[in-house]
Amino acid sequence: MEPSETRNVLELSGGSQRGSVSSSVARHPEVLVYLVNDSVIQLSVETLTSLTAGELGRTVREALQLPDQAQEVFSFWLISPFLELQLKPKHLPYKLSRQWPDLLYRFTKCSADDIVHDEPSLQYRKNVFFPKGKELQIEDEGILRLLYEEAKFNILEGRYPYDLEDCHQLGALACRIELGPFDQDQHNQAFLREKLDSFLPTHLCKKHGGFLAAFRPRGAKQRGYEEGLLEAYRQLVDDAACEESEALKLHYRGSAMFTGEIDKPVQNFLQRNGRKLVTIAISLEGVSVMDCKEKCVLLALCFHELSWEYTSSEDEDSEGILWLEFDGEEGGAVVNKLLKIYSKQAELMSGMIEYCIDFNTTSETPPAQDAVVARPPRPKEQRGKLKRQNSVVCNRIQQLSTIDYVEEGKEIKRVKPKRAASFFTRQLSQGPAAYSAVEVTETLEQG
(Lines give C-alpha, C1' and ligand atoms only; values in the text may rest on other atoms or scores of the structure.)
Protein backbone atom coordinates (compact mmCIF):
# COMPACT_ATOMS: atom_id res chain seq x y z
CA MET A 1 0.00 0.00 0.00
CA GLU A 2 1.49 3.30 -1.08
CA PRO A 3 -0.78 6.16 0.06
CA SER A 4 0.19 9.21 -1.96
CA GLU A 5 -3.04 11.18 -2.15
CA THR A 6 -3.89 14.68 -1.05
CA ARG A 7 -2.74 15.64 2.45
CA ASN A 8 -4.05 18.66 4.32
CA VAL A 9 -3.42 20.06 7.79
CA LEU A 10 -6.63 21.51 9.22
CA GLU A 11 -7.31 23.46 12.41
CA LEU A 12 -10.01 21.94 14.62
CA SER A 13 -12.63 23.86 16.53
CA GLY A 14 -12.77 23.25 20.24
CA GLY A 15 -16.07 21.42 20.07
CA SER A 16 -15.16 18.96 17.32
CA GLN A 17 -16.06 15.33 17.88
CA ARG A 18 -12.86 13.35 17.56
CA GLY A 19 -12.67 10.26 15.41
CA SER A 20 -9.93 8.95 13.17
CA VAL A 21 -11.82 7.09 10.46
CA SER A 22 -14.38 8.73 8.19
CA SER A 23 -17.81 7.12 8.47
CA SER A 24 -18.79 8.08 4.94
CA VAL A 25 -18.50 5.49 2.21
CA ALA A 26 -16.03 6.97 -0.26
CA ARG A 27 -13.78 5.70 -2.99
CA HIS A 28 -10.74 6.54 -0.87
CA PRO A 29 -11.36 6.36 2.89
CA GLU A 30 -10.02 9.23 4.99
CA VAL A 31 -7.85 8.91 8.05
CA LEU A 32 -7.53 11.78 10.55
CA VAL A 33 -4.28 11.93 12.50
CA TYR A 34 -4.35 14.32 15.45
CA LEU A 35 -1.46 16.30 16.89
CA VAL A 36 -1.24 17.37 20.52
CA ASN A 37 -1.89 21.03 19.61
CA ASP A 38 -5.37 20.11 18.28
CA SER A 39 -4.45 20.29 14.62
CA VAL A 40 -5.25 17.35 12.39
CA ILE A 41 -3.71 15.81 9.30
CA GLN A 42 -6.35 14.57 6.87
CA LEU A 43 -5.15 11.72 4.70
CA SER A 44 -6.82 9.82 1.86
CA VAL A 45 -5.69 6.21 1.64
CA GLU A 46 -6.35 3.41 -0.80
CA THR A 47 -6.69 0.47 1.59
CA LEU A 48 -7.78 1.28 5.11
CA THR A 49 -8.02 -2.17 6.67
CA SER A 50 -4.47 -3.25 5.82
CA LEU A 51 -2.78 0.09 6.56
CA THR A 52 -0.06 -0.36 9.21
CA ALA A 53 1.14 2.28 11.64
CA GLY A 54 4.57 2.17 9.99
CA GLU A 55 3.14 2.88 6.53
CA LEU A 56 0.97 5.66 7.89
CA GLY A 57 4.00 7.14 9.63
CA ARG A 58 5.81 7.68 6.35
CA THR A 59 2.83 9.59 4.99
CA VAL A 60 2.55 11.77 8.10
CA ARG A 61 6.26 12.60 8.03
CA GLU A 62 5.91 13.71 4.41
CA ALA A 63 2.87 15.84 5.24
CA LEU A 64 4.70 17.54 8.13
CA GLN A 65 8.00 17.67 6.22
CA LEU A 66 9.83 15.87 9.01
CA PRO A 67 13.16 14.06 8.50
CA ASP A 68 13.50 10.29 8.80
CA GLN A 69 14.73 10.78 12.38
CA ALA A 70 11.11 11.41 13.37
CA GLN A 71 10.41 7.71 12.77
CA GLU A 72 12.08 6.75 16.06
CA VAL A 73 11.06 9.90 17.96
CA PHE A 74 7.29 9.61 17.44
CA SER A 75 4.70 6.86 17.46
CA PHE A 76 0.99 6.53 16.87
CA TRP A 77 -1.34 6.30 19.86
CA LEU A 78 -5.01 5.42 20.18
CA ILE A 79 -6.35 7.98 22.65
CA SER A 80 -9.61 8.48 24.50
CA PRO A 81 -10.51 9.88 27.94
CA PHE A 82 -10.46 6.31 29.27
CA LEU A 83 -7.44 4.66 27.70
CA GLU A 84 -4.17 5.51 25.92
CA LEU A 85 -2.32 2.87 23.90
CA GLN A 86 0.91 3.20 21.94
CA LEU A 87 0.97 1.28 18.66
CA LYS A 88 3.86 -0.66 17.21
CA PRO A 89 4.80 -0.07 13.53
CA LYS A 90 3.21 -3.38 12.50
CA HIS A 91 -0.10 -2.70 14.24
CA LEU A 92 -3.20 -1.98 12.14
CA PRO A 93 -4.85 1.20 13.49
CA TYR A 94 -8.21 0.46 11.87
CA LYS A 95 -8.35 -3.07 13.27
CA LEU A 96 -7.46 -1.90 16.78
CA SER A 97 -10.00 0.92 16.65
CA ARG A 98 -12.66 -1.69 15.85
CA GLN A 99 -11.52 -3.66 18.90
CA TRP A 100 -11.72 -0.59 21.14
CA PRO A 101 -14.84 -1.70 23.08
CA ASP A 102 -13.10 -4.96 23.98
CA LEU A 103 -9.98 -3.06 25.12
CA LEU A 104 -12.08 -0.72 27.27
CA TYR A 105 -13.85 -3.67 28.88
CA ARG A 106 -10.55 -5.39 29.65
CA PHE A 107 -8.42 -2.47 30.80
CA THR A 108 -10.83 0.14 32.23
CA LYS A 109 -13.76 0.47 34.61
CA CYS A 110 -15.95 2.13 31.98
CA SER A 111 -19.69 1.82 32.21
CA ALA A 112 -21.50 -0.13 29.50
CA ASP A 113 -22.76 3.14 28.03
CA ASP A 114 -19.23 4.59 27.85
CA ILE A 115 -17.93 1.45 26.19
CA VAL A 116 -20.60 1.69 23.50
CA HIS A 117 -20.15 5.41 22.75
CA ASP A 118 -16.42 6.02 23.32
CA GLU A 119 -14.44 6.45 20.11
CA PRO A 120 -10.63 6.71 20.06
CA SER A 121 -8.63 9.21 18.05
CA LEU A 122 -5.35 8.40 16.35
CA GLN A 123 -2.64 10.70 17.72
CA TYR A 124 0.94 11.27 16.58
CA ARG A 125 3.13 11.93 19.61
CA LYS A 126 6.37 10.99 21.35
CA ASN A 127 7.50 7.38 21.45
CA VAL A 128 7.79 6.44 25.11
CA PHE A 129 10.85 4.29 24.31
CA PHE A 130 12.87 7.08 22.70
CA PRO A 131 15.70 7.81 25.18
CA LYS A 132 15.87 11.34 26.59
CA GLY A 133 19.62 11.41 25.99
CA LYS A 134 19.05 11.26 22.24
CA GLU A 135 16.62 14.17 22.38
CA LEU A 136 19.49 16.51 23.22
CA GLN A 137 20.99 15.65 19.83
CA ILE A 138 17.88 16.68 17.87
CA GLU A 139 18.35 19.81 15.79
CA ASP A 140 15.37 19.68 13.43
CA GLU A 141 12.97 22.53 14.26
CA GLY A 142 9.90 20.55 13.21
CA ILE A 143 10.63 17.72 15.63
CA LEU A 144 11.53 20.12 18.43
CA ARG A 145 8.29 22.05 17.90
CA LEU A 146 6.17 18.89 18.22
CA LEU A 147 8.04 17.84 21.37
CA TYR A 148 7.59 21.33 22.81
CA GLU A 149 3.85 21.34 22.10
CA GLU A 150 3.44 17.94 23.76
CA ALA A 151 5.43 18.92 26.85
CA LYS A 152 3.46 22.16 27.18
CA PHE A 153 0.12 20.34 26.85
CA ASN A 154 1.01 17.85 29.58
CA ILE A 155 2.08 20.62 31.95
CA LEU A 156 -1.01 22.75 31.33
CA GLU A 157 -3.27 19.73 31.84
CA GLY A 158 -1.57 18.90 35.14
CA ARG A 159 -0.26 15.54 33.96
CA TYR A 160 3.29 16.59 34.92
CA PRO A 161 3.49 17.89 38.54
CA TYR A 162 5.67 20.96 39.02
CA ASP A 163 6.28 23.45 41.81
CA LEU A 164 4.75 26.88 41.27
CA GLU A 165 8.09 28.60 40.78
CA ASP A 166 9.02 26.07 38.10
CA CYS A 167 5.62 26.58 36.44
CA HIS A 168 6.47 30.29 36.30
CA GLN A 169 9.83 29.55 34.68
CA LEU A 170 8.36 27.13 32.13
CA GLY A 171 5.48 29.52 31.46
CA ALA A 172 7.97 32.33 30.88
CA LEU A 173 9.84 30.17 28.36
CA ALA A 174 6.55 29.53 26.57
CA CYS A 175 5.86 33.29 26.55
CA ARG A 176 9.26 33.97 25.06
CA ILE A 177 8.77 31.32 22.37
CA GLU A 178 5.24 32.35 21.43
CA LEU A 179 5.15 36.09 22.20
CA GLY A 180 8.74 37.04 21.49
CA PRO A 181 11.10 39.05 23.71
CA PHE A 182 9.59 40.83 26.71
CA ASP A 183 8.09 44.22 25.82
CA GLN A 184 7.45 46.38 28.88
CA ASP A 185 4.84 48.48 27.07
CA GLN A 186 2.82 45.53 25.79
CA HIS A 187 3.45 42.61 28.13
CA ASN A 188 1.89 43.79 31.37
CA GLN A 189 -0.19 42.01 34.00
CA ALA A 190 -3.51 42.78 32.29
CA PHE A 191 -2.19 41.39 29.00
CA LEU A 192 -1.10 38.07 30.56
CA ARG A 193 -4.31 37.77 32.59
CA GLU A 194 -6.35 36.95 29.51
CA LYS A 195 -3.78 34.36 28.36
CA LEU A 196 -2.89 32.90 31.74
CA ASP A 197 -4.29 29.44 31.02
CA SER A 198 -2.10 29.27 27.91
CA PHE A 199 1.08 29.45 29.99
CA LEU A 200 0.24 28.06 33.44
CA PRO A 201 -1.43 24.75 34.46
CA THR A 202 -5.21 24.72 34.33
CA HIS A 203 -5.61 23.83 38.02
CA LEU A 204 -3.75 27.03 38.95
CA CYS A 205 -5.81 29.24 36.66
CA LYS A 206 -9.19 27.69 37.39
CA LYS A 207 -11.76 30.25 38.46
CA HIS A 208 -14.52 29.32 40.89
CA GLY A 209 -17.92 29.59 39.28
CA GLY A 210 -21.37 30.01 40.72
CA PHE A 211 -23.86 32.85 41.07
CA LEU A 212 -21.80 34.71 43.67
CA ALA A 213 -18.55 34.50 41.68
CA ALA A 214 -19.27 37.82 39.94
CA PHE A 215 -19.43 39.58 43.32
CA ARG A 216 -16.19 38.18 44.67
CA PRO A 217 -12.92 40.11 44.24
CA ARG A 218 -10.20 38.33 42.29
CA GLY A 219 -8.19 36.27 44.76
CA ALA A 220 -4.69 37.07 45.93
CA LYS A 221 -3.53 33.70 44.61
CA GLN A 222 -4.65 34.56 41.09
CA ARG A 223 -2.79 37.87 41.21
CA GLY A 224 0.27 36.03 42.53
CA TYR A 225 0.25 33.70 39.55
CA GLU A 226 0.11 36.63 37.12
CA GLU A 227 2.85 38.53 38.92
CA GLY A 228 5.10 35.47 39.15
CA LEU A 229 4.72 34.69 35.46
CA LEU A 230 5.29 38.31 34.47
CA GLU A 231 8.43 38.61 36.60
CA ALA A 232 9.87 35.34 35.25
CA TYR A 233 9.13 36.52 31.70
CA ARG A 234 10.79 39.88 32.38
CA GLN A 235 13.95 38.26 33.73
CA LEU A 236 14.46 35.92 30.78
CA VAL A 237 17.67 36.60 28.91
CA ASP A 238 17.59 36.66 25.11
CA ASP A 239 20.02 33.81 24.66
CA ALA A 240 20.12 30.02 24.58
CA ALA A 241 18.07 29.87 27.78
CA CYS A 242 15.03 30.80 25.69
CA GLU A 243 15.40 28.06 23.10
CA GLU A 244 12.68 25.47 22.73
CA SER A 245 15.05 22.68 23.71
CA GLU A 246 15.21 24.09 27.25
CA ALA A 247 11.46 23.62 27.65
CA LEU A 248 11.90 19.92 26.88
CA LYS A 249 14.01 19.13 29.98
CA LEU A 250 11.11 17.89 32.09
CA HIS A 251 10.94 15.20 34.73
CA TYR A 252 8.00 13.09 33.56
CA ARG A 253 7.85 13.98 29.89
CA GLY A 254 7.42 10.96 27.68
CA SER A 255 6.12 8.62 30.37
CA ALA A 256 3.35 6.15 29.68
CA MET A 257 0.38 7.08 31.88
CA PHE A 258 -1.84 4.56 33.65
CA THR A 259 -4.73 4.96 36.08
CA GLY A 260 -5.25 3.15 39.37
CA GLU A 261 -6.15 3.47 43.03
CA ILE A 262 -4.26 3.05 46.29
CA ASP A 263 -5.47 2.66 49.86
CA LYS A 264 -5.69 5.82 51.95
CA PRO A 265 -3.88 5.77 55.31
CA VAL A 266 -6.25 5.43 58.25
CA GLN A 267 -6.16 8.68 60.28
CA ASN A 268 -8.14 7.38 63.29
CA PHE A 269 -10.32 4.44 64.32
CA LEU A 270 -13.49 6.30 63.34
CA GLN A 271 -12.39 6.90 59.77
CA ARG A 272 -13.28 4.33 57.16
CA ASN A 273 -10.47 3.18 54.94
CA GLY A 274 -11.00 4.47 51.40
CA ARG A 275 -9.03 4.67 48.16
CA LYS A 276 -7.23 7.48 46.37
CA LEU A 277 -7.19 7.90 42.58
CA VAL A 278 -3.64 7.98 41.24
CA THR A 279 -1.77 8.20 37.96
CA ILE A 280 1.14 5.84 37.45
CA ALA A 281 3.82 7.18 35.10
CA ILE A 282 6.32 4.66 33.72
CA SER A 283 9.31 5.71 31.64
CA LEU A 284 12.75 4.36 30.82
CA GLU A 285 13.97 5.92 34.10
CA GLY A 286 11.51 4.36 36.52
CA VAL A 287 8.04 4.53 38.06
CA SER A 288 6.17 7.48 39.58
CA VAL A 289 2.86 7.41 41.45
CA MET A 290 1.05 10.76 41.41
CA ASP A 291 -2.01 12.08 43.22
CA CYS A 292 -4.60 12.97 40.56
CA LYS A 293 -6.42 15.49 42.78
CA GLU A 294 -3.51 17.26 44.48
CA LYS A 295 -1.24 17.20 41.38
CA CYS A 296 1.79 16.00 43.31
CA VAL A 297 4.16 13.04 43.40
CA LEU A 298 3.53 10.42 46.07
CA LEU A 299 6.33 8.04 45.15
CA ALA A 300 9.11 8.05 42.56
CA LEU A 301 11.51 5.16 42.14
CA CYS A 302 14.22 4.17 39.70
CA PHE A 303 14.10 0.58 38.54
CA HIS A 304 17.09 -0.42 40.65
CA GLU A 305 15.23 0.86 43.74
CA LEU A 306 12.21 -1.40 43.43
CA SER A 307 10.88 -4.90 43.01
CA TRP A 308 7.45 -5.54 41.58
CA GLU A 309 4.84 -8.19 41.01
CA TYR A 310 1.47 -8.45 39.29
CA THR A 311 -1.37 -10.51 40.71
CA SER A 312 -4.71 -11.12 39.07
CA SER A 313 -8.12 -12.27 40.17
CA GLU A 314 -10.05 -15.22 38.80
CA ASP A 315 -12.99 -12.86 38.32
CA GLU A 316 -12.36 -11.07 35.00
CA ASP A 317 -14.43 -8.10 36.20
CA SER A 318 -12.15 -7.57 39.20
CA GLU A 319 -9.11 -5.33 39.22
CA GLY A 320 -5.61 -6.68 39.10
CA ILE A 321 -2.96 -5.55 41.57
CA LEU A 322 0.51 -4.16 40.90
CA TRP A 323 2.75 -4.52 43.96
CA LEU A 324 5.72 -2.18 44.34
CA GLU A 325 8.34 -3.02 46.96
CA PHE A 326 10.95 -0.49 48.07
CA ASP A 327 13.11 0.44 51.05
CA GLY A 328 11.59 2.87 53.54
CA GLU A 329 11.65 3.91 57.17
CA GLU A 330 9.18 3.23 59.95
CA GLY A 331 9.65 4.16 63.60
CA GLY A 332 13.28 5.09 63.02
CA ALA A 333 14.12 1.72 61.47
CA VAL A 334 14.65 0.92 57.82
CA VAL A 335 12.12 -1.61 56.55
CA ASN A 336 10.70 -3.04 53.34
CA LYS A 337 7.52 -1.31 52.15
CA LEU A 338 4.85 -2.79 49.91
CA LEU A 339 2.52 -0.48 47.97
CA LYS A 340 -0.64 -2.04 46.58
CA ILE A 341 -1.98 -0.46 43.38
CA TYR A 342 -5.44 -1.54 42.27
CA SER A 343 -6.00 -1.23 38.54
CA LYS A 344 -7.47 -3.05 35.56
CA GLN A 345 -4.29 -1.88 33.82
CA ALA A 346 -1.99 -3.63 36.32
CA GLU A 347 -1.06 -6.26 33.74
CA LEU A 348 -0.09 -3.55 31.26
CA MET A 349 1.97 -1.74 33.90
CA SER A 350 3.86 -4.90 34.85
CA GLY A 351 4.62 -5.61 31.21
CA MET A 352 5.71 -2.00 30.69
CA ILE A 353 8.16 -2.15 33.61
CA GLU A 354 9.61 -5.40 32.33
CA TYR A 355 9.94 -4.07 28.80
CA CYS A 356 11.66 -0.85 29.99
CA ILE A 357 14.19 -2.81 32.04
CA ASP A 358 14.90 -5.11 29.10
CA PHE A 359 15.15 -2.11 26.76
CA ASN A 360 17.65 -0.37 29.04
CA THR A 361 19.68 -3.56 29.37
CA THR A 362 19.99 -4.12 25.63
CA SER A 363 20.15 -0.47 24.57
CA GLU A 364 23.45 0.99 23.47
CA THR A 365 22.73 4.21 25.37
CA PRO A 366 20.88 3.24 28.57
CA PRO A 367 19.80 6.03 30.97
CA ALA A 368 22.01 6.73 33.96
CA GLN A 369 21.29 4.35 36.84
CA ASP A 370 21.38 7.18 39.35
CA ALA A 371 18.81 9.27 37.50
CA VAL A 372 15.74 10.01 39.59
CA VAL A 373 12.36 10.11 37.90
CA ALA A 374 10.99 12.87 40.12
CA ARG A 375 13.93 14.84 41.39
CA PRO A 376 13.78 18.46 42.58
CA PRO A 377 14.25 20.81 39.64
CA ARG A 378 17.02 22.79 41.30
CA PRO A 379 19.95 21.99 43.60
CA LYS A 380 19.15 22.14 47.27
CA GLU A 381 21.28 25.18 47.97
CA GLN A 382 19.26 27.28 45.51
CA ARG A 383 15.96 26.65 47.29
CA GLY A 384 14.80 27.24 50.83
CA LYS A 385 14.39 24.28 53.15
CA LEU A 386 10.65 24.75 53.63
CA LYS A 387 10.04 24.93 49.90
CA ARG A 388 12.23 21.87 49.45
CA GLN A 389 10.11 19.92 51.93
CA ASN A 390 6.84 21.01 50.34
CA SER A 391 7.93 20.39 46.76
CA VAL A 392 5.27 18.59 44.70
CA VAL A 393 7.99 16.48 43.08
CA CYS A 394 9.29 15.01 46.35
CA ASN A 395 8.20 11.63 47.65
CA ARG A 396 5.26 11.70 50.08
CA ILE A 397 5.66 8.25 51.56
CA GLN A 398 3.83 9.33 54.72
CA GLN A 399 0.70 9.71 52.61
CA LEU A 400 0.89 6.09 51.44
CA SER A 401 -0.76 3.13 53.11
CA THR A 402 1.94 0.47 52.84
CA ILE A 403 2.66 -2.94 54.29
CA ASP A 404 5.96 -2.77 56.20
CA TYR A 405 7.93 -5.94 56.80
CA VAL A 406 11.26 -7.66 57.05
CA GLU A 407 11.10 -11.44 56.81
CA GLU A 408 13.58 -13.58 58.71
CA GLY A 409 12.33 -17.11 59.05
CA LYS A 410 8.80 -16.82 60.44
CA GLU A 411 9.49 -13.65 62.38
CA ILE A 412 8.91 -10.07 61.26
CA LYS A 413 11.79 -7.91 62.43
CA ARG A 414 12.46 -4.19 62.08
CA VAL A 415 15.94 -4.46 60.60
CA LYS A 416 17.51 -3.31 57.36
CA PRO A 417 16.67 -5.88 54.67
CA LYS A 418 18.83 -6.84 51.73
CA ARG A 419 17.30 -6.31 48.33
CA ALA A 420 18.29 -9.88 47.47
CA ALA A 421 15.90 -11.04 50.19
CA SER A 422 12.98 -9.38 48.46
CA PHE A 423 9.49 -10.77 48.85
CA PHE A 424 9.31 -10.62 45.04
CA THR A 425 11.73 -12.13 42.58
CA ARG A 426 11.01 -9.62 39.78
CA GLN A 427 13.54 -6.81 40.08
CA LEU A 428 16.48 -5.20 38.35
CA SER A 429 19.68 -7.01 39.27
CA GLN A 430 22.82 -5.10 40.21
CA GLY A 431 24.51 -6.14 36.98
CA PRO A 432 22.62 -5.68 33.72
CA ALA A 433 23.93 -8.98 32.38
CA ALA A 434 22.29 -10.82 35.29
CA TYR A 435 18.80 -9.66 34.38
CA SER A 436 16.75 -12.35 32.67
CA ALA A 437 13.73 -10.85 30.97
CA VAL A 438 10.53 -12.78 30.46
CA GLU A 439 9.60 -12.97 26.78
CA VAL A 440 7.28 -10.07 25.94
CA THR A 441 4.09 -11.15 24.18
CA GLU A 442 2.58 -9.27 21.27
CA THR A 443 0.60 -6.81 23.35
CA LEU A 444 0.18 -3.07 23.24
CA GLU A 445 2.26 -0.58 25.19
CA GLN A 446 0.15 1.92 27.07
CA GLY A 447 0.48 5.61 27.85
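Both faces of strand E9 are covered in this predicted model. On one side sit Gly 286, Ser 288 and Met 290, on the other Val 287, Val 289 and Asp 291, and all of these are buried (buried means under 20% relative accessible area, exposed over 50%, partly exposed in between, with a 1.4 Å probe and protein chains only). With 6 of the 6 residues of E9 (residues 286–291) buried, the strand is largely enclosed by the rest of the structure. Helices (H or I, at least four residues) and strands (E, at least two) are DSSP runs, numbered from the N terminus. As for the ground rules, residues are numbered from 1 along each chain as its sequence is written, and side-chain values use heavy atoms, with hydrogens and water left out. Because the model is predicted, local features need pLDDT of at least 70 and side-chain atom pairs count only at pLDDT 80 or more, while totals for chains, interfaces and linings use all residues.

What does E9 pair with? On one flank, 5 bridges join strand E8 (residues 275–282) to E9, and the two run antiparallel (two strands pair if DSSP finds at least two bridges between them). Ile 282 stands opposite Val 287 in this pairing, and Ala 281 has Ser 288 of E9 as its bridge partner. The link from E8 to E9 is a hairpin through 3 residues. E9 is also joined to strand E10 (residues 296–302), here by 6 bridges, again in an antiparallel arrangement. Asp 291 finds its bridge partner in Cys 296 of E10. This second hairpin, E9 to E10, has 4 residues between its strands.

Strand E7 (residues 256–263) pairs with E8 in the antiparallel sense over 8 bridges. Lys 295 lies in the loop between E9 and E10, and its phi is near 55 degrees, a positive value in a residue other than glycine. At 23% relative accessibility, Lys 295 counts as partly exposed. Asp 38 lies in the loop between strand E2 (30–34) and strand E3 (39–44). The phi of Asp 38 is near 70 degrees, also positive in a non-glycine residue, and at 38% relative accessibility Asp 38 counts as partly exposed.

On to the helices. Two packed helices are described by the angle between their axes and the distance between the axes. For helix H7 (residues 141–156) and helix H8 (residues 164–179), the axes come within 12 Å and cross at roughly 140 degrees. Here axes are lines fitted to C-alpha atoms, for helices over the stretch in contact, and angles run from 0 to 180 degrees between N-to-C directions. H7 and H8 are therefore oblique to each other (under 35 degrees counts as roughly parallel, over 145 as roughly antiparallel, 65 to 115 as roughly perpendicular and the rest as oblique). H7 passes H8 in a left-handed crossing, the label used if the near helix is turned anticlockwise from the far one by less than a right angle, with clockwise giving right-handed. H7 brings Arg 145, Tyr 148, Lys 152 and Ile 155 to the contact, and H8 supplies Leu 170, Ala 174, Ile 177 and Glu 178 (contact means heavy atoms within 4.5 Å). Sorted by class, the contact of H7 with H8 has 5 nonpolar, no polar and 3 charged residues. In that scheme Ala, Val, Leu, Ile, Met, Phe, Trp, Tyr, Cys and Pro count as nonpolar, Asp, Glu, Lys and Arg as charged, and the others, Gly among them, as polar.

Tyr 225 lies in helix H11 (residues 220–235) and is buried, with a relative accessible area of 13%. Leaving aside neighbours within four places in sequence, Tyr 225 is in contact with Leu 164, His 168, Leu 196, Leu 200 and Leu 204. Tyr 225 and Glu 165 are 60 residues apart in sequence, yet 9.4 Å apart in space, C-alpha to C-alpha. Leu 104 is found in helix H4 (residues 100–107), where at 0% relative accessibility Leu 104 counts as buried. Not counting residues up to four places away in sequence, Leu 104 touches Phe 82, Leu 83, Cys 110, Asp 114, Ile 115 and Asp 118. The C-alpha atoms of Leu 104 and Asp 114, 10 residues apart along the chain, are separated by 8.9 Å.
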